[in-house]
Structures are given as C-alpha cells and as structure tokens.
Amino acid sequence: MLRHEFQPGKLIAGLFLTVAGITYAGDAGGAWDTPWFAVIPMVVGGLCLAGAVGLLTRAVRHHHDNRRDSRRTTTAPEADQTPQPPVTR
C-alpha cells in the first residue's frame, strides 16, 4: 500500500459532508424531519473549519521543515578554480 501524507483538513471536510449526507438521507428515509436550510450552516461551518485546520497544518509543517533545514550542516561549494579564457572584443 502506498503511504501518503496525513491531511487533517480533508478529513474534517469529509466528516462534515458525510454528516450532511446522513442528515439528508435520514430525512428522505423518514427517520426524522430536517428543514431544507439546516444542512447549509453545517456544510459551510465544516468547510471553514477544514480550511482553518489545513492552514494550521501547513504552517506547522512549513515551520518544521525550516527547522530541519537549518539544522543541516551544509558546506559552501568551492569556488571554481579553472582558468577562464581571455575575453576578446
């Protein structure tokens, strides 16, 4: 199985959209009565929360990557010491 990066924003968006779908399915099946406008705040709120979590995740990973890069010891490339041909005009 291929491994992938965990993205909690997409997980939250999927959960809220799944709950919205279950809400409409329960209404259609007669299990309960849901007003037509009830799902809109749920979906919009879930997508806003997912966006905020996605931004937070990106900021944390960006900060972590910068810290990891700064810890690496890199040596500066040596200057090229090969003689250059004279410039003719």
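**Starting from one residue**

Tutor: Start at Ile12. Leaving out residues up to four places away in sequence, Ile12 touches Gly46, Leu49, Ala50 and Val53. Contact here means heavy atoms within 4.5 Å. One caution: this is a predicted model, where local features need pLDDT of at least 70, side-chain atom pairs count only at pLDDT 80 or more, and totals for chains, interfaces and linings use all residues. Residues are numbered from 1 along each chain as its sequence is written, and side-chain values use heavy atoms, with hydrogens and water left out.

Student: Where is Ile12 found?

Tutor: In helix α1. Helices are DSSP runs of H or I with at least four residues, strands are E runs of at least two, and both are numbered from the N terminus.

Student: Is Ile12 buried or exposed?

Tutor: Buried, with a relative accessible area of 18%. Buried means under 20%, exposed means over 50%, and partly exposed is in between, using a 1.4 Å probe and protein chains only.

Student: What separates the C-alpha atoms of Ile12 and Cys48?

Tutor: A distance of 9.9 Å. The two residues are 36 residues apart along the chain.

Student: Zoom out. How many helices and strands does the protein chain have?

Tutor: It has 2 helices and 0 strands. The chain has 89 residues, and 15% of them count as buried. Now take its contacts with a separation of 6 or more: 55% are between residues 24 or more positions apart.

Student: Which residues form a nonpolar patch on the surface?

Tutor: Tyr24, Trp36, Phe37, Ile40 and Val44, with about 560 Å² of accessible area together. Patch residues have over 30% relative accessible area and no salt bridge; nonpolar side chains (Val, Leu, Ile, Met, Phe, Trp, Tyr) are joined within 5 Å, like charges within 9 Å.

Student: Where is Phe37 found?

Tutor: In the loop between α1 (8-29) and α2 (39-71). Phe37 is partly exposed at 48%. Trp36 counts as exposed at 63% relative accessibility.

Student: How do Trp36 and Phe37 pair up?

Tutor: The count comes to 1 aromatic pair. Trp36 and Phe37 form it edge-to-face, 5.6 Å centre to centre, with 85° between the planes. The rule: rings of Phe, Tyr and Trp (its six-membered ring) pair if their centres lie within 6.5 Å, and planes under 30 degrees apart are stacked, over 60 edge-to-face, the rest tilted.

Student: New topic. How many salt bridges does the structure hold?

Tutor: It holds 1. Arg61 pairs with Glu5, the closest N and O atoms being 3.4 Å apart. Arg61 lies in helix α2 and Glu5 in the segment before α1, so the pair ties together parts that are 56 residues apart in sequence. A salt bridge needs a side-chain nitrogen of Lys or Arg within 4 Å of a carboxyl oxygen of Asp or Glu.

Student: Why can side chains like that pair?

Tutor: Side chains of opposite charge can pair when their charged atoms come close.

Student: Which side chain has a polar contact with Thr34?

Tutor: The side chain of Trp32, at 3.1 Å. A polar contact is a pair of N or O atoms within 3.5 Å; within protein, one must be able to donate a hydrogen and the other to accept it, and residues adjacent in sequence count only if both atoms are side-chain atoms. Thr34 is in the loop between α1 and α2, and counts as buried at 10%.

Technical notes:
Accessible areas come from the Shrake-Rupley method with a 1.4 Å probe; for residues, only the protein chains shown count as cover.
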